[in-house]
Amino acid sequence: MHHTTGVARTAAVLAAAVTVTALMTGCTPTGEDGAAAVPSSPASAPSAPSKPSATPKASPPAGPTPSGGTKACTTGQVKVSDAHQADVRPPGTGTGAVVVPVTNTSTHPCTLQGFPTVAGAGNGSPDHNLRLATTHSGTATAVSLAPGARAWTKLTFVNVQGEADGYCVSGATPAAFPTLVLGVPGAGSHQIAMDDGVFAECDDKVTVTAFSSAKPS
């Protein structure tokens with residue numbers, strides 16, 4: 001009686017194990033080789049290619065900028081020397097025409113461009129001067145002056161005629177100035193004298209050439 005009951009219990013346990021195994025076998029998919037198949041993970045989206053980092057552009061070197069790539073000459077960079085009588089000048093006994101040099105006295109190149117202004121300094125004083133009416137001759141172009149280099153301008157006056165005090169063809173009274181005040185574009189006003197004598201002219205008029213690297217005759 002007890003033996004039969006034990007056998008029955010053993011048979012029941014075995015049957016339950018078979019049932020559990022069958023259930024597990026039916027629920028778990030297997031591969032062809034009988035191993036449990038592992039579900040594959042969804043394909044990852046391809047990552048966007050990384051952009052190459054932009055190479056920063058080098059800043060342009062600081063340096064001179066205006067016309068011709070060189071800064072304009074300033075008052076402290078130039079010296080205006082005394083004038084001397086030109087070789088080519090209108091006939092007469094007055095000054096006629098003079099050439100005036102402007103020198104770059106600095107250690108850096110600079111650019112000079114344009115026409116000068118001219119005034120007669122009364123009694124040699126630049127504070128009491130008479131502005132002369134100027135007529136421009138030629139075309140103004142940029143003149144690059146290396147340290148120590150010169151630019152030139154030529155001033156041509158209405159010349160005094162005759163001897164002694166002379167006379168003006170127009171009937172005006174001749175004027176004589178011990179010095180002139182020459183205005184240099186961008187580089188201030190400069191008082192100059194003649195290297196020989198005074199500036200004698202008529203009608204308070206002057207024709208001026210643009211500054212040039214070539215010395216006028």
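User: Why is C110 called buried?

Analyst: Buried means under 20% relative accessible area, exposed over 50%, and partly exposed in between, with a 1.4 Å probe and protein chains only. C110 has a relative accessible area of 0%, so C110 is buried. This is a predicted model, in which local features need pLDDT of at least 70 and side-chain atom pairs count only at pLDDT 80 or more, while totals for chains, interfaces and linings use all residues. Residues are numbered from 1 along each chain as its sequence is written, and side-chain values use heavy atoms, with hydrogens and water left out.

User: What makes C73 and C110 a disulfide?

Analyst: A disulfide is a pair of cysteine sulfur atoms within 2.5 Å. The sulfur atoms of C73 and C110 are 2.0 Å apart, so by that definition the pair is a disulfide. C73 lies in the loop between helix 1 (2-27) and strand 1 (78-80) and C110 in strand 4 (residues 110-112), so the link ties together parts 37 residues apart in sequence. Here helices (H or I, at least four residues) and strands (E, at least two) are DSSP runs, numbered from the N terminus.

User: Why is the pair of F157 and F199 called tilted?

Analyst: Rings of Phe, Tyr and Trp (its six-membered ring) pair if their centres lie within 6.5 Å; planes under 30 degrees apart count as stacked, over 60 as edge-to-face and the rest as tilted. For F157 and F199 the centres are 6.4 Å apart and the planes stand at 55 degrees, which gives a tilted pair.

User: What makes strand 5 largely enclosed?

Analyst: Four of the five residues of strand 5 (residues 117-121) are buried, so the rest of the structure largely encloses this strand.
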